[in-house]
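Subject: Structure for you to look at

Hello,

Here is the structure I promised to pass on. Please open it beside this email and follow along.

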Amino acid sequence: MDVFEKREMAAEKARGGEEEEEGEGQRLLSEGVTVVDFDLLCSTVAMQAQKGQWVKLNLNGDEENAMGYDYGGGVLRMWEGELFCDCLDDRRIAFQSVCCPWYRFGKNMKRAGFGSCFLQGSIYLILTLVALLSILAFIVTKKHCFLYVGGAFIIFVGVYMGYHRTKMRNKFNIRGDSSLDDCIFHLTCPCCTLSQEARTLEMNNVQDGIWHGRGDTICVGSYSELGKTPFELSPPAIVSTKS
């Protein structure tokens with residue numbers, strides 16, 4: 001009899017605990033407090049990253065009131081390190097970017113899914129060789145036509161590489177500046193820019209255009225809030241809608 005009595009007492013305590021939890025939930029709802037499910041929040045962020053829309057959390061189970069808001073924001077990633085200050089963080093990548101930038105550019109494009117390493121590296125090599133040979137021809141012959149050709153190819157190299165940097169930012173939703181800035185970075189310091197791109201792709205395990213990640217820090221918000229400090233997702237606290 002003692003065993004049965006203990007089981008009944010345990011069952012009554014369990015029922016009492018469930019009733020207390022239900023009563024606490026009803027009390028919070030009656031006070032205007034909204035409790036957000038963390039799994040639902042993560043799912044919403046993932047949906048926004050794919051569709052480009054914020055989805056209003058349907059807390060009351062009312063499908064008619066569920067709406068989507070297009071804020072143009074989402075999950076924003078970051079470049080690994082500063083452009084100029086952290087170029088020596090990975091000395092192997094820095095050495096490749098300085099001594100053989102064509103190979104480094106081809107590797108970056110292959111990882112990002114923008115073509116084969118040989119093709120992209122060859123295009124970069126041909127463009128830079130034409131520019132260098134034109135400058136040498138101007139030095140030897142003193143003909144300004146070679147100078148114009150060399151300058152045009154130098155600008156074209158910066159535009160070509162900046163275009164692919166912009167494609168990389170848009171594809172992986174990396175926080176950055178405008179397309180013009182991407183071109184200027186490759187024109188002013190291509191080695192540092194290649195190093196930053198390579199660090200970002202390798203440290204986040206990007207393979208064939210797929211970002212596998214490493215549990216990186218993300219920004220949640222709109223593109224108008226890019227100046228704010230990024231934060232890591234954590235289970236949300238109970239927030240009163242009255243305040």
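Which kind of link joins the side chains of Arg 165 and Asp 182? They meet in a salt bridge, with N and O 3.2 Å apart. Arg 165 lies in helix α6 and Asp 182 in helix α7 (residues 179-188), so this pair ties together parts that are 17 residues apart in sequence. One caution before going on: the model is predicted.

**The salt bridges**

Side chains of opposite charge can pair when their charged atoms come close. The count here comes to six salt bridges.

Stay with Arg 165 for a moment. Arg 165 also forms a salt bridge with Glu 197, and the closest N and O atoms of that pair are 3.1 Å apart. This pair links distant parts of the chain: Arg 165 sits in helix α6, Glu 197 in helix α8, and 32 residues separate them. Arg 165 and Glu 197 are both buried. Salt bridges that share partners join Arg 165, Arg 169, Asp 182 and Glu 197 into one network.

Is Asp 182 buried or exposed? Asp 182 has a relative accessible area of 1%, and the cut-off for buried is under 20%, so Asp 182 is buried.

Now look at Glu 202 and Arg 104. Their side chains meet in a salt bridge, 3.2 Å from N to O. Glu 202 belongs to helix α8 and Arg 104 to helix α4, and the two residues are 98 residues apart. Arg 104 has 1% relative accessibility, so it counts as buried.

**Helix α5**

How far apart are the end C-alpha atoms of helix α5? They are 36 Å apart. The helix has 25 residues (117-141), and at 1.5 Å a residue it should span 36 Å, so the two values agree.

One set of α5 residues is buried. Among them are Cys 117, Gln 120, Gly 121, Tyr 124 and Leu 127. Thr 128, Ala 131, Ser 134 and Ala 137 are buried too. What covers the buried residues of α5? The cover includes α4 (101-112), α6 (144-172) and α8 (190-203).

There is also a nonpolar surface patch of about 680 Å². Leu 125, Leu 129, Leu 132, Leu 133, Leu 136, Ile 139 and Val 140 make this patch. Take Leu 132 as an example. Leu 132 is found in helix α5. Its relative accessible area is 53%, and exposed means over 50%, so Leu 132 is exposed.

**The loop between β4 and α3**

Two residues in this loop deserve a look. Start with Glu 80, placed between β4 (74-76) and α3 (91-99). Glu 80 has a relative accessible area of 13%, so it is buried. Which residues does Glu 80 contact, leaving aside its neighbours within four places in sequence? They are Gln 196, Arg 199, Thr 200, Met 203, Asn 204 and Arg 214. With Asn 204 there is a polar contact of 3.2 Å between the side chains.

Leu 83 is found in that loop between β4 and α3 as well. Leu 83 has 8% relative accessibility, so it counts as buried. Not counting residues up to four places away in sequence, Leu 83 touches Phe 185, Cys 192, Thr 193 and Gln 196. Compare sequence and space here: Leu 83 and Cys 189 are 106 residues apart along the chain, and their C-alpha atoms are separated by 9.1 Å.

Most residues other than glycine have a negative phi. Lys 142 follows α5, in the loop between α5 and α6. Lys 142 has 58% relative accessibility, so it counts as exposed.

Asp 208 also has a positive phi, near 55 degrees. Asp 208 is found in the loop between β5 (206-207) and β6 (210-211). At 56% relative accessibility, Asp 208 counts as exposed.

Find Arg 165 when you open the file, then trace its salt bridges to Asp 182 and Glu 197.

Best wishes

Terms used: Residues are numbered from 1 along each chain as its sequence is written. This is a predicted model: local features need pLDDT of at least 70, side-chain atom pairs count only at pLDDT 80 or more; totals for chains, interfaces and linings use all residues. Side-chain values use heavy atoms; hydrogens and water are left out. Helices (H or I, at least four residues) and strands (E, at least two) are DSSP runs, numbered from the N terminus. The expected span of a helix is 1.5 Å times one less than its number of residues. Buried means under 20% relative accessible area, exposed over 50%, partly exposed in between (1.4 Å probe, protein chains only). Contact means heavy atoms within 4.5 Å. A polar contact is a pair of N or O atoms within 3.5 Å; within protein, one must be able to donate a hydrogen and the other to accept it, and residues adjacent in sequence count only if both atoms are side-chain atoms. A salt bridge is a side-chain nitrogen of Lys or Arg within 4 Å of a carboxyl oxygen of Asp or Glu. Patches are made of residues with over 30% relative accessible area and no salt bridge: like charges are joined within 9 Å, nonpolar side chains (Val, Leu, Ile, Met, Phe, Trp, Tyr) within 5 Å. Accessible areas come from the Shrake-Rupley method with a 1.4 Å probe; for residues, only the protein chains shown count as cover.
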